[in-house]
Amino acid sequence: MKSKWNVTDYINLYQANHLLSKDNKAALGMVIPVKVYIQDPYASGTLEKQVLSEIQVAREPELMNGPTSSRIAVVDYDADLNVLAPAVIWNGKEGCFEISKQSGNVRLAEKHKDLWQFHQVNVWAIVQSILSMFETSFVLGRSAPWGFEGNRLIIVPHAGYMDNAFYDRHSKSIQLYYFGPENERIYTCLDHDIIAHETGHAILDGLRPYYLEDSSLQTTAFHEFIADITAVFSALRNNNLRQIMAEQTQGNIAKESVVANLAEGFSRYSTGKEYIRSALAKDTVDSVKDKFCPYEWSKVLTGAMWEILSRIVAKRKQILIKEGRGDSVYQLLWWAVMRFQRIIFQPLDFLPPADVQFSDYANAVLQADQVIYPDDKYQFREIMRDVFKQRGVYCEECCEDVESLNFYPYDIRRIMLSRTDAYHFINQNRRQLCIPANQDISVSELYQTDKTLPNGSKHPREIILQYTWREDVLLKGKQFGHLNGESASLLCGGTIVFDDRGNVLSWMRKPGCGKQETSRKRLRSHCKQEVEAGQKRKDDLLNYIKNRLDRGYFGFIDDDRFEIGKTIKPVCTSTRSDGTIRMEVRPNLRHWDDA
Ligand SMILES: [Zn+2]
């Protein structure tokens with residue numbers, strides 16, 4: 001039946017995608033079954049049969065060889081060898097990719113993991129399914145943009161010889177490397193956790209592009225946290241892995257499991273450690289405060305969110321017993337998936353546009369939950385507050401800021417439809433928002449969401465408006481060495497979340513320290529606090545730059561570096577823009593010093 005559909009039919013069906021059940025989609029040929037490794041085949045040992053699993057990927061009307069879909073293109077170019085491997089062929093009639101038996105190491109080609117065209121399909125299907133997961137109405141409820149011009153993220157499954165992997169915005173690509181002797185190659189493009197980790201970086205970069213500006217250790221660590229938690233969550237969503245996890249943990253997800261540890265096989269072969277990181281990490285802000293390493297810091301948030309989830313699941317278990325319901329461990333874990341994706345990823349919409357700190361995320365988690373469950377019937381937010389506190393992450397459910405805002409009358413319909421109208425709104429309310437009078441502001445993002453609860457009811461539609469401006473920060477004094485006399489850039493701005501009636505649900509911001517002009521008493525004291533917070537941000541930035549310089553984590557790089565295969569150690573890359581220094585993160589899988 002499926003071969004009778006033409007492109008128009010598929011486009012119509014695609015638009016109705018969210019209305020159809022999984023079974024209906026399969027019956028209509030809207031999904032294609034693809035075999036992938038849902039865990040690292042090098043680590044799984046006896047689990048190998050279970051980790052080679054069939055997942056269903058949306059069948060798009062214009063799929064092509066590569067694979068190439070509307071948002072992703074696999075380009076199998078090995079820069080070390082200067083070889084472009086033949087791309088897997090898409091058979092539109094049969095609705096499948098034809099993996100050539102000649103597409104890899106022929107001697108070993110009987111195994112999936114030695115066929116390069118299998119690698120191409122494996123990596124495409126995993127990235128595609130993670131992107132779809134983020135875009136569903138249970139998570140972001142909108143299409144997730146990429147952080148670069150153009151609409152296709154390039155995936156390079158065999159970028160060259162190295163034991164690492166990167167997301168690189170400038171080449172619009174995820175680059176996955178291989179290492180080890182020729183007859184025992186370890187391919188990172190077969191490691192689900194590594195692929196998912198880099199995809200998490202790419203997706204976050206689209207949602208909050210300024211987070212790649214290296215303004216503080218916590219901002220860089222936040223990128224690593226989202227990348228790691230994407231990998232953990234993507235594994236938890238898989239039916240086979242959840243079944244294995246149910247057997248391993250009996251529903252106590254605070255226990256060691258196949259899901260909680262990251263990139264086990266890769267780690268064993270590259271560093272000799274059991275895994276690169278684990279969601280079971282016990283780290284706190286206090287325990288990592290002397291470590292100048294974003295990977296160490298990221299473990300605080302990853303561990304905190306996994307602990308929150310495990311405590312909420314344990315509480316849910318008790319509630320079910322009390323209510324006389326006998327849900328299986330497997331059902332309980334499915335409930336955890338639905339809860340987890342909302343708690344972890346939906347707060348991203350509330351976050352400020354730049355310089356995110358752990359406490360911003362903790363506040364966003366609480367605020368996003370408050371919007372959906374104002375009564376918090378089972379007091380899950382108490383668990384969240386308690387865990388954040390124990391991990392040393394300051395948080396508050398701050399609605400006072402929102403209540404104190406007293407905007408000039410505005411029409412939310414005009415704001416939501418036009419960036420220029422959104423700009424006028426921000427400009428007219430500069431004093432309320434404590435934006436210095438002389439600063440030129442930009443509307444950096446304007447979008448709406450359409451989210452659903454697991455029971456099918458709708459969230460209030462959210463309209464998200466982000467604005468930014470930059471303030472120059474002079475690097476003065478010999479502590480800045482060769483940068484003495486140059487300027488860096490303090491990125492300031494805010495995110496305002498409205499509901500569709502125009503009520504403000506949240507305002508999270510990064511104040512600056514420029515002069516505010518206001519004659520009203522209440523505003524004067526409010527803006528004074530903001531300027532103080534801005535001054536602290538400026539001092540923190542200066543300190544951070546000095547720390548980087550002291551450790552030698554600083555260097556300018558040439559513009560021709562941004563090509564596939566031309567990789568550099570991502571200690572800290574800097575450029576000059578409009579006369580100021582911009583530090584930039586190039587997210588990879590692990591720290592070079594781990595080796
Ligand atoms: Zn990373």
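**Salt bridges and burial**

Reply: In this predicted model, a search of the whole structure finds 25 salt bridges.

Me: Why is the contact of K289 with D286 called a salt bridge?

Reply: The closest N and O atoms of K289 and D286 are 3.2 Å apart. The cut-off is within 4 Å, so the pair counts as a salt bridge.

Me: What makes D286 exposed, and what makes K289 partly exposed?

Reply: D286 has a relative accessible area of 53%, and exposed means over 50%, so D286 is exposed. K289 stands at 48%, which lies between the limits of 20% and 50%, and therefore counts as partly exposed.

Me: Which parts does the salt bridge of R391 with E307 tie together?

Reply: The closest N and O atoms of R391 and E307 are 2.8 Å apart. R391 lies in the loop between α14 and α15, and E307 in helix α11, so the pair ties together parts that are 84 residues apart in sequence. Both residues also belong to a network of salt bridges with R311 and D386.

Me: Why is R391 called buried?

Reply: Its relative accessibility is 3%, and buried means under 20%, so R391 counts as buried.

Me: What makes C293 and C395 buried?

Reply: C293 is at 13% and C395 at 18%. Buried means under 20%, so both cysteines count as buried.

Me: How many disulfides does the structure hold?

Reply: The structure holds zero disulfides.

Conventions. Residues are numbered from 1 along each chain as its sequence is written. This is a predicted model: local features need pLDDT of at least 70, side-chain atom pairs count only at pLDDT 80 or more; totals for chains, interfaces and linings use all residues. Side-chain values use heavy atoms; hydrogens and water are left out. A disulfide is a pair of cysteine sulfur atoms within 2.5 Å. Buried means under 20% relative accessible area, exposed over 50%, partly exposed in between (1.4 Å probe, protein chains only). A salt bridge is a side-chain nitrogen of Lys or Arg within 4 Å of a carboxyl oxygen of Asp or Glu. Helices (H or I, at least four residues) and strands (E, at least two) are DSSP runs, numbered from the N terminus.
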